[in-house]
Amino acid sequence: MSLLETLVTEVEAVTPTANRDPDQPVLMKFERLAYDAGLVVPFDWGSWQDEAARLTNDPQALSRAALPTLQKLITTHIRKERFCEGHLNAILASGHLLALLKRLQQLHKGDD
């Protein structure tokens, strides 16, 4: 099982009322995966927050997002956590993190 598949399984197992600990292991694994896989990219993420919000709130748009867009979205989420502690927990609790990982999984498998 790949690290991405393992992470998807672990995120699926976390309940929406999970402990709001920003250091919870699944979030730490998400960050590590993002950095190790080159999913965190240098760009002006601050000026891209409106697009990130649109993708976060629109599951249909997220389900069509290409890899470069997902890289920007992941970068924005990780950078935002640095300034707004609890952001990653919020996207975990909302189901957005799982949807994002599943979209990555689709692209990785070539299903799109």
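**Buried residues and helix packing**

Modeller: In helix α6, the residues H87, L88, N89, I91 and L92 are buried. Buried means under 20% relative accessible area, exposed over 50%, and partly exposed in between, with a 1.4 Å probe and protein chains only. Helices are DSSP runs (H or I, at least four residues), numbered from the N terminus. This is a predicted model: local features need pLDDT of at least 70, side-chain atom pairs count only at pLDDT 80 or more, and totals for chains, interfaces and linings use all residues. Residues are numbered from 1 along each chain as its sequence is written, and side-chain values use heavy atoms, with hydrogens and water left out.

Biologist: Which helices do the buried residues of α6 pack against?

Modeller: They pack against α1, α2, α5 and α7. Contact means heavy atoms within 4.5 Å.

Biologist: Why does H87 count as buried?

Modeller: H87 counts as buried because its relative accessibility is 13%. Leaving out residues up to four places away in sequence, H87 touches H77, K80 and E81.

Biologist: How should I read a nonpolar core?

Modeller: In soluble globular proteins, nonpolar side chains tend to be buried together. A nonpolar core is a set of buried Ala, Val, Leu, Ile, Met, Phe, Trp, Tyr and Cys residues joined through side-chain atoms within 4.5 Å. Here the largest such core has 28 residues, and F30, I74, L97 and L101 have the most contacts inside it. Its largest share, five residues, comes from α2.

Biologist: Which residues is L101 in contact with, leaving aside its neighbours within four places in sequence?

Modeller: L101 is then in contact with L4, L7, V8, V11, F30 and L33.

Biologist: At what angle do α2 and α5 pack?

Modeller: Helix α2 (residues 25-36) and helix α5 (residues 67-83) pack at about 130 degrees, their axes 11 Å apart, and are therefore oblique to each other. In this contact, F30, E31, A34 and Y35 of α2 meet I74, I78, R79 and R82 of α5.

Terms used:
Axes are lines fitted to C-alpha atoms, for helices over the stretch in contact, and angles run from 0 to 180 degrees between N-to-C directions. Helices (H or I, at least four residues) and strands (E, at least two) are DSSP runs, numbered from the N terminus. Angles under 35 degrees count as roughly parallel, over 145 as roughly antiparallel, 65 to 115 as roughly perpendicular and the rest as oblique.
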